[in-house]
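Hello,

Here is the structure we talked about. Please have a look at it, then read the notes below.

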Amino acid sequence: MSVHESTAPADAPDVPQMPAPRVREFTANSIGGGLALLLGLLGLLLGAGMIATATTMTGSGPKAGLIVAGILVGIAAFLAMCGLNTVAPGEARVVQLFGRYRGTIREDGLRWVNPFTSRTSLSTRVRNHETAVLKVNDAYGNPIELAAVVVWKVEDTAQASFEVDDFLEFVATQTEAAVRHIAIEYPYDAHEQDGLSLRGNAEEITEKLAVELHARVEAAGVQIIESRFTHLAYAPEIASAMLQRQQAGAVVAARREIVEGAVGMVEAALDRIAERDIVELDSERKAAMVSNLMVVLCGDRAPQPVLNTGTLYQ
C-alpha cells in the first residue's frame, strides 16, 4: 500500500510544477438552521395573519397598508428561509456571494447562511478511480499493459471548485499521465542485479506513483490516499517470447543452484573420505570420482549403474 506523506522524499521522481493556488478553503459564516427555520415560519405566519386581519377591516387606507405590510413580511420571511441548507455527512457546501468565494460549510445538519449567496454541493467522501488498461513501452522499449487504481478524496473544496475546470476529469487525466510516466521510467523486468523493475519492486514503484500523483493533483485540492497497480503484463504480441525468456532464465538459475549444491556435496564427500582414511585416492581416482558424482547429481535422468569387473585403470 502506498500512502502519501505530506513531505515528498528527497529521491522523488521528476514531477510537474503546478501553479500555486489562488484561493484556499476557509469556514463560511453560518448559524444553526433550527432557529432560522423557526423565525422564518413565524414570519410567514405573521404575514398571513396581517393579511387575514386586513380583510376584516373596513377602512381602505389601513386595510391596504396592513396587506402591503403582511406581503412584505411574508416575502422577507421566505427570502430568509432560502438561506437554509441541509448538509449531509461527507458533504460540503461551497458558498459564493456574487461570484466571490465566501467559505465552505462542512458541519453537517441544518445550517443557515446569507440567502443571497449561492451554495454548491461537493462530496468529500473517499473515492476511487481505476484507469483503463494502458499500453505503453517500458524503459527497455518493450510494450506492456498496465492499469492502476487510485483512492482519493477532496481535501480543499475551494481549490477543487475554482482552481480546475472539472476536478473529476482532472484527477482521471492526471492519474493516467502519472501511470504512463512511471511505466516508461522503469522496465518490466530489470536486467541489472540492483535495478528497479515494475514486477520485482511493486512497493517502491507504487510509492513513487503516489508521490507523483500528489504533485499532479495537489492544485485541485485532492489528497491521494493510496495507489496500486491492478494489472501488469507484457503486451500480447511479445508475451509468448517474454515467457520463453523468463522460463529460460528460471532454468539457468535452477541449473546454477544444482551445480553449486553438487560441487559442495562432492567437496564434502572427498573431505570425509580423506578425514576417515577410508581409501587413498590419487589425482586420477579423484577425477573419476568427481566426474561420476557430478553426473549423478546434475543429471536430468536417473543414472544407470555400470559394474566394473576389472581395476579402476582398465
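**T53 and helix α1**

A polar atom of the T53 side chain lies 2.8 Å from the backbone oxygen of G49. Bear in mind that this is a predicted model. T53 sits in helix α1, residues 33–55. T53 counts as partly exposed because its relative accessibility is 41%, between the cut-offs of 20% and 50%. L66 is 13 residues from T53 along the chain. The C-alpha atoms of T53 and L66 are 8.0 Å apart.

**The three-stranded sheet**

Three strands form an open sheet in the order β4-β3-β6. The pairing is antiparallel. β4 (100–105) and β6 (118–123) are the edge strands, each pairing on one side only. On average, neighbouring strands of this sheet are turned by 25° against each other, direction ignored. Strand β3, residues 91–97, is joined to β4 by five bridges. Q96 stands opposite Y101 of β4.

**Helix α5**

α5 is mostly covered, with twelve of its 16 residues buried. Among them are I205, T206 and K208, as well as the run from L209 through V217. The cover over these buried residues includes β9 (143–154), α4 (167–185) and β10 (222–234).

Best wishes

Key. Residues are numbered from 1 along each chain as its sequence is written. This is a predicted model: local features need pLDDT of at least 70, side-chain atom pairs count only at pLDDT 80 or more; totals for chains, interfaces and linings use all residues. Side-chain values use heavy atoms; hydrogens and water are left out. Buried means under 20% relative accessible area, exposed over 50%, partly exposed in between (1.4 Å probe, protein chains only). Helices (H or I, at least four residues) and strands (E, at least two) are DSSP runs, numbered from the N terminus. Contact means heavy atoms within 4.5 Å. A polar contact is a pair of N or O atoms within 3.5 Å; within protein, one must be able to donate a hydrogen and the other to accept it, and residues adjacent in sequence count only if both atoms are side-chain atoms. Two strands pair if DSSP finds at least two bridges between them. Axes are lines fitted to C-alpha atoms, for helices over the stretch in contact, and angles run from 0 to 180 degrees between N-to-C directions.
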